[in-house]
Amino acid sequence: MPELQNCPSCDKLFVKALRPVCDACAREVEEKFETVYTFIRKRENRRASIDEVHKATEVEIELIMQFVREGRLHMSQFPNLTYPCEKCGVKIREGRLCAQCRDEINEGLQAGEKQKAFEERKRERERARYQTYSTLGDKVRREK
């Protein structure tokens, strides 16, 4: 169900349904996209970097990067459109993280899982040891 919300761009009240911004801001974003796309579609501009596109079109760099992340600008057609990794800042062409940062995060997750499994095995051994001692104690008490 749609809800009322303030537009994060212009702070106007609007009904949030399909877009996260009001209609006026959505139209403005679409106009900026058309400006960027018209610029880089020209043969001589296809190898432009994001900075060069920004300087030529005056569209915000963040917005151009958003177009790339959303897949609205296809990287295969525009080989020099790169943006920074969100962790280390190295230039990338897809996703939010570079391969090295992704690998570091995955290694950290795997190490955490190994530690968790080790702790679980340790707890199981302690439970088994306690159950053995308690069973032997009951056996000794019954024999007396």
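Between which two elements does the loop that holds C98 lie? C98 sits in the loop between β4 (91-92) and α4 (99-143), and we will come back to this residue below. This is a predicted model, in which local features need pLDDT of at least 70, side-chain atom pairs count only at pLDDT 80 or more, and totals for chains, interfaces and linings use all residues. Residues are numbered from 1 along each chain as its sequence is written, and side-chain values use heavy atoms, with hydrogens and water left out.

**The chain as a whole**

- The chain contains four helices and four strands; helices (H or I, at least four residues) and strands (E, at least two) are DSSP runs, numbered from the N terminus.
- Their order along the sequence is β-β-α-α-α-β-β-α.
- Of the 144 residues in the chain, 22% are buried; buried means under 20% relative accessible area, exposed over 50%, and partly exposed in between, with a 1.4 Å probe and protein chains only.
- Among contacts (heavy atoms within 4.5 Å) with a separation of 6 or more, 26% join residues 24 or more positions apart.

- Helix α1 covers residues 23-41, and its 19 residues reach 26 Å from the first C-alpha to the last. That is close to the expected 27 Å, where the expected span is 1.5 Å times one less than the number of residues.
- The buried residues of α1 are C25, A26, K32, F33, V36, F39 and I40.
- Seen down the helix axis, these buried residues fall within an arc of 150°, so they line one face of α1; the arc is that of the directions from the helix axis to the C-beta atoms.
- On the other side of α1, R27 and E31 are exposed.
- The partners of the buried residues of α1 are α2 (50-57) and α3 (61-69).

**How α1 meets α3**

- Two packed helices are described by the angle between their axes and the distance between the axes.
- Here the axes of α1 and α3 come within 11 Å and cross at roughly 80°. Axes are lines fitted to C-alpha atoms, for helices over the stretch in contact, and angles run from 0 to 180 degrees between N-to-C directions.
- The two helices, α1 and α3, are therefore roughly perpendicular to each other; angles under 35 degrees count as roughly parallel, over 145 as roughly antiparallel, 65 to 115 as roughly perpendicular and the rest as oblique.
- From α1, the residues V29, K32, F33 and V36 meet L63, I64 and F67 of α3.
- By class, this contact of α1 with α3 has six nonpolar residues, no polar ones and one charged residue. Ala, Val, Leu, Ile, Met, Phe, Trp, Tyr, Cys and Pro count as nonpolar, Asp, Glu, Lys and Arg as charged, and the others, Gly among them, as polar.

- In α2, the buried residues are I50, V53 and T57.
- These three cover an arc of only 60° around the axis, which puts them on the same side of α2.
- The buried residues of α2 pack against α1, α3 and β3 (83-84).
- In α3, the buried residues are L63, I64, M65, F67 and V68, and their cover includes α1, α2 and β3.

**Positive phi values**

- Most residues other than glycine have a negative phi, and most peptide bonds are trans.
- D11 has a phi near 70°, a positive value in a residue other than glycine. D11 belongs to the loop between β1 (3-6) and β2 (13-16), and it is exposed at a relative accessible area of 54%.
- E58 is not a glycine either, yet its phi is positive at about 65°. E58 lies in the loop between α2 and α3 and is exposed, with a relative accessible area of 67%.
- Just after α3, G71 takes a positive phi of about 85°.

- C98 is buried, with a relative accessible area of 8%.
- Leaving aside residues up to four places away in sequence, C98 touches C85, C88, V90 and I92.
- C98 and K87 are eleven residues apart along the chain, and their C-alpha atoms are separated by 8.2 Å.
- A99 is part of helix α4 and counts as partly exposed, at 43% relative accessibility.
- From A99 to C85 the C-alpha distance is 9.4 Å, across 14 residues in sequence.
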